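Student: Hi! Could you walk me through this structure?
Tutor: Happy to, let's have a look.

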Amino acid sequence: MTRLLVIVNHIESQPGLLTQWMISENIEFDLRIGGISQLPEPNELSDYDGLIMLGGGYMPDETDRAPWLEAEARLSRHALETDLPQFGICLGGQLIAHVIGGDVRAQTGAPEKGYTWIDMTADAAQDPVFSAIGNRVAFVESHVDRIVDLPPEATLLATSTACRFQAFRIGNAWGTQFHPESSGQNIRNWDADKLQELGFNKETLLEQAEERGEDSQREAKALLTAFLDVVRSKHQ
């Protein structure tokens, strides 16, 4: 059975919809929680067929507040060196960008919250993962920090009005700023007052979830399935 290592960086950034999708795809996954679970050593990645790193309220180099991020960066770097497929979401994607020499900055640009329209680049149509989804898809966003630059060897796959670097690929590593694992249920749990401070109305975000959520989840599942197909092809 194909086996994935899944790393949770914040207790509120769980795998969400990924859990049921991985089960439906007959994927075994080892869930580790940063700061609670011990993360494997890089040489132990040979026990896995792929790596998924989730989001969290930290910067990728903020090892004083989140010391496990240093170990996570070593895992990501080793996965890159050994061509092990990896998928990073929000902080997970920022961490991949940080490892390859990109620039990630806190409190930069306009924040994005809720179901946000993401536009695929021309390169996405040729990508083994992103070619599985449409040219313009609404995915859940929840960030005020962002990737602001990538090295030239990385391929930009998706962008949005407020955030140029929504998704990228380097080798068999994919990073997204958006949250394909999230749904309207996540938005229901957000603090209305904090959203208001950022310029967002919770009721409006929930209305958008009703309007865009079903299509978004279908596209998100297609994205994950395409990544799992890459994992399986490497596993074989």
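Student: Let's start with Asp-83. Is Asp-83 buried, exposed or partly exposed?
Tutor: Asp-83 counts as partly exposed, because its relative accessibility is 33%. Keep in mind that this is a predicted model.

Student: And where is Asp-83 placed?
Tutor: Asp-83 is in the loop between α2 (68-82) and β4 (86-89). Its phi is near 65°, a positive value in a residue other than glycine.

Student: Which residue just after α1 takes a positive phi?
Tutor: That is Asn-26, with a phi of about 60° just after α1. Asn-26 belongs to the loop between α1 and β2.

Student: While we're at α1, which of its residues are buried?
Tutor: Leu-17, Leu-18, Trp-21 and Met-22 are the buried residues of α1. They span an arc of only 125° around the axis, so they sit on the same side of α1.

Student: OK, new topic: Asn-9. Where does Asn-9 lie?
Tutor: Asn-9 lies in the loop between β1 (3-8) and α1 (17-24). With 2% relative accessibility, Asn-9 counts as buried, because the cut-off is under 20%.

Student: What does the side chain of Asn-9 make a polar contact with?
Tutor: One partner is the side chain of Trp-68, at 2.9 Å.

Student: Let's do salt bridges. How many are there in the whole structure?
Tutor: A search of the whole structure finds 14 salt bridges. One of them joins the side chains of Glu-210 and Arg-188, at 3.6 Å from N to O. Glu-210 is in helix α6 (residues 202-235) and Arg-188 is in helix α4 (residues 184-188), so this pair ties together parts that are 22 residues apart in sequence.

Student: Which residue forms a salt bridge with Asp-215?
Tutor: Asp-215 pairs with Arg-218, and their closest N and O atoms are 2.7 Å apart. The two are three residues apart in helix α6, so about one helical turn separates them. Asp-215 counts as partly exposed, at 42% relative accessibility.

Student: And what about Arg-232? Which residue does it form a salt bridge with?
Tutor: The partner of Arg-232 is Asp-229, with 3.1 Å between the closest N and O atoms. Arg-232 and Asp-229 are also three residues apart in helix α6, so about one helical turn lies between them. Asp-229 is partly exposed, with a relative accessible area of 43%.

Student: Which residues are linked in a network of salt bridges?
Tutor: Arg-3, Glu-28, Asp-30 and Arg-32 are linked in a network of salt bridges.

Student: Switching to strands: how many of the residues of β6 are buried?
Tutor: Seven of the nine residues of β6 (residues 112-120) are buried, so the strand is mostly covered.

Student: And which strands does β6 pair with?
Tutor: Eight bridges join β6 to strand β7 (residues 136-143), and the two run antiparallel. Within that pairing, Trp-117 stands opposite Ala-138 in β7. β6 also pairs with strand β9 (residues 155-159) in the antiparallel sense, over two bridges. There, Asp-119 stands opposite Thr-159 in β9.

Student: How far apart are Ile-33 and Asp-215?
Tutor: They are 30 Å apart in space, C-alpha to C-alpha, and 182 residues apart in sequence.

Definitions and conventions. Residues are numbered from 1 along each chain as its sequence is written. This is a predicted model: local features need pLDDT of at least 70, side-chain atom pairs count only at pLDDT 80 or more; totals for chains, interfaces and linings use all residues. Side-chain values use heavy atoms; hydrogens and water are left out. A salt bridge is a side-chain nitrogen of Lys or Arg within 4 Å of a carboxyl oxygen of Asp or Glu. Helices (H or I, at least four residues) and strands (E, at least two) are DSSP runs, numbered from the N terminus. Buried means under 20% relative accessible area, exposed over 50%, partly exposed in between (1.4 Å probe, protein chains only). A polar contact is a pair of N or O atoms within 3.5 Å; within protein, one must be able to donate a hydrogen and the other to accept it, and residues adjacent in sequence count only if both atoms are side-chain atoms. Two strands pair if DSSP finds at least two bridges between them. The arc is that of the directions from the helix axis to the C-beta atoms.
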